Amino acid sequence: MPRLDSKAILQGRRSRYSMTLILGTTVSVVCLVGMLVYLWLLALAGGEAAGIDGATGFAVAVAAAVVPVTILVPLILMLDRIEPEPGQVLFFAFVWGAGVAVLVSLVLNTWGQVNVAVPLFGQDLGDYLTTSLVAPVVEESAKGVVLLILLWRRRQELDSLTDGVIYAGMVATGFAFTENILYFLTAFFDGTLVATFAIRGLVAPFGHPIYTAMIGIGVAYAAMRTGALRMAAPFVGWVVAVALHGMWNGSTYFGWYGLGVAYLVLFVVLVGLLVTARNDRRSQIGAISRYLPPYIPTGLVTPADITMLSSMQGRRRARDWAARNAGRRGRAAMKEYQLAATELALLHRKLDTGVPREDWKVRRDSFLALMHVARDAFLGRAPQPVAPAWTERPHDSGFLRRSDFAHVIAQTRAQQDYVPRHGQPGPPWQGPR
């Protein structure tokens, strides 16, 4: 029997491969490489003019720019551990920010400064207006485009406001990475690298992720809701992002007092984002508790298993249990089971909020089939698998018995080539909704 394409099922697609994703990632990587070459040449030229080793300056700047990335990316990913986003899509968002968004911003900001701001307002005021007005509009637009692409092509990935924050955080972190190389490189030649790194790398590394998170929230709202308001949500998020970005850039005019006020505002917004992530996690756990019990008759879940799925500690214990049964393959299978069960619950939650989905029965059956196949994998070949640690009695978990689910698996394989049409009935197997 051919194996199920688990990644395609979890992403709600007929195939894990996407030409949009492949093309977008390729273009983004090319732009990133181009930016790094440009910065390398800039470093060599600056080093020659200053009489120091430009190559060393470039290496130091890159190393310093990596530090905030190693801090930010794990923190961003921690926001959504119940239903983590696909790695290749997160990578696309990151390299878009580090490549396309930075390149576009560099070109447009420079053009606006040289051809509009400075000729109209003079050098000093023109530079200030470019920093506080032009740059926020250009940069948030360049970063926000990829979020609109995800809304267009990957709407099914946006199950909560936190998902929007995560994708926005990744594109913004990528943008800040390349931008920081430029700032650190300049500071290296000016002798102010330590101070610049302290401010941009340690004191205020959350700036870009916070700004762009506003667009991410608007895009996620548009993906999760129906009605006219959802059409305006991404634009409203963009306006707020530009305002926060402009506030921070413009605060330098007012010295340390201005920076302090701006920092306080961004801190309040950051707290709001963390509260949003906490509420979204509670909502996801609530969806698991509400929508999975009707599937208990399938034998794929029991009340004890639903409890396990509702906490990170329970999920970790389940993965450890699966590893004892079937090694690394068992751990990976348990992770797929947990993701499929979570996606199943979130699918029903979206349906209840009125989001239309003609192929919801196809997706439901695919999740159920993946749960069954994954369970067979983590049960291993042991004649008596290790009793689940999250149950009082071994038979409280559906993971110790095998029910005949072959017909659902066969239908799921067929449904990977199934394209629903308006007005057609769903797949023949009708489980609980």
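This is a predicted model: local features need pLDDT of at least 70, side-chain atom pairs count only at pLDDT 80 or more; totals for chains, interfaces and linings use all residues.
Across the whole structure, a search turns up 7 salt bridges, and three of them are picked out below.

**The nonpolar patch**
- Helix α10 gives the largest share, with 6 residues.
- V268 counts as exposed because its relative accessibility is 52%, and the cut-off for exposed is over 50%.

**Two helices packed together**
- Two packed helices are described by the angle between their axes and how far apart those axes are.
- Here, helix α5 (residues 123-153) packs with helix α6 (residues 161-190) at an angle of about 140°, and their axes are 10 Å apart.
- The α5 and α6 crossing is right-handed.
- On the α5 side, the contact is made by E139, K143, V146, L147 and L150, while α6 brings Y167, A168, V171, A172, F175 and E179.

**A buried serine in a loop**
- S251 lies in the loop between α9 (229-250) and α10.
- S251 has a relative accessible area of 4%, so it's buried.
- Leaving out residues up to four places away in sequence, S251 touches G258, L259 and A262.
- V261 is 10 residues along the chain from S251, and their C-alpha atoms are 8.1 Å apart.

**Salt bridges**
- Side chains of opposite charge can pair up when their charged atoms come close.
- E140 and K143 form a salt bridge through their side chains, at 2.8 Å from N to O.
- E140 and K143 are 3 residues apart in helix α5, so about one helical turn separates them.
- E140 is buried at a relative accessible area of 0%, and K143 is buried at 0% too.
- K350 and D159 make another side-chain salt bridge, at 3.4 Å from N to O.
- That pair links distant parts of the chain, 191 residues apart: K350 is in helix α12 (residues 312-352) and D159 is in the loop between α5 and α6.
- Both K350 and D159 are buried.
- R290 and D352 also meet in a salt bridge, at 3.7 Å from N to O.
- Because R290 is in helix α10 and D352 is in helix α12, this pair ties together parts that are 62 residues apart in sequence.
- R290 is exposed, with a relative accessible area of 58%, whereas D352 counts as partly exposed at 45%.

Technical notes: Residues are numbered from 1 along each chain as its sequence is written. Side-chain values use heavy atoms; hydrogens and water are left out. Helices (H or I, at least four residues) and strands (E, at least two) are DSSP runs, numbered from the N terminus. Buried means under 20% relative accessible area, exposed over 50%, partly exposed in between (1.4 Å probe, protein chains only). Axes are lines fitted to C-alpha atoms, for helices over the stretch in contact, and angles run from 0 to 180 degrees between N-to-C directions. A crossing is left-handed if the near helix is turned anticlockwise from the far one by less than a right angle, and right-handed if clockwise. Contact means heavy atoms within 4.5 Å. A salt bridge is a side-chain nitrogen of Lys or Arg within 4 Å of a carboxyl oxygen of Asp or Glu.
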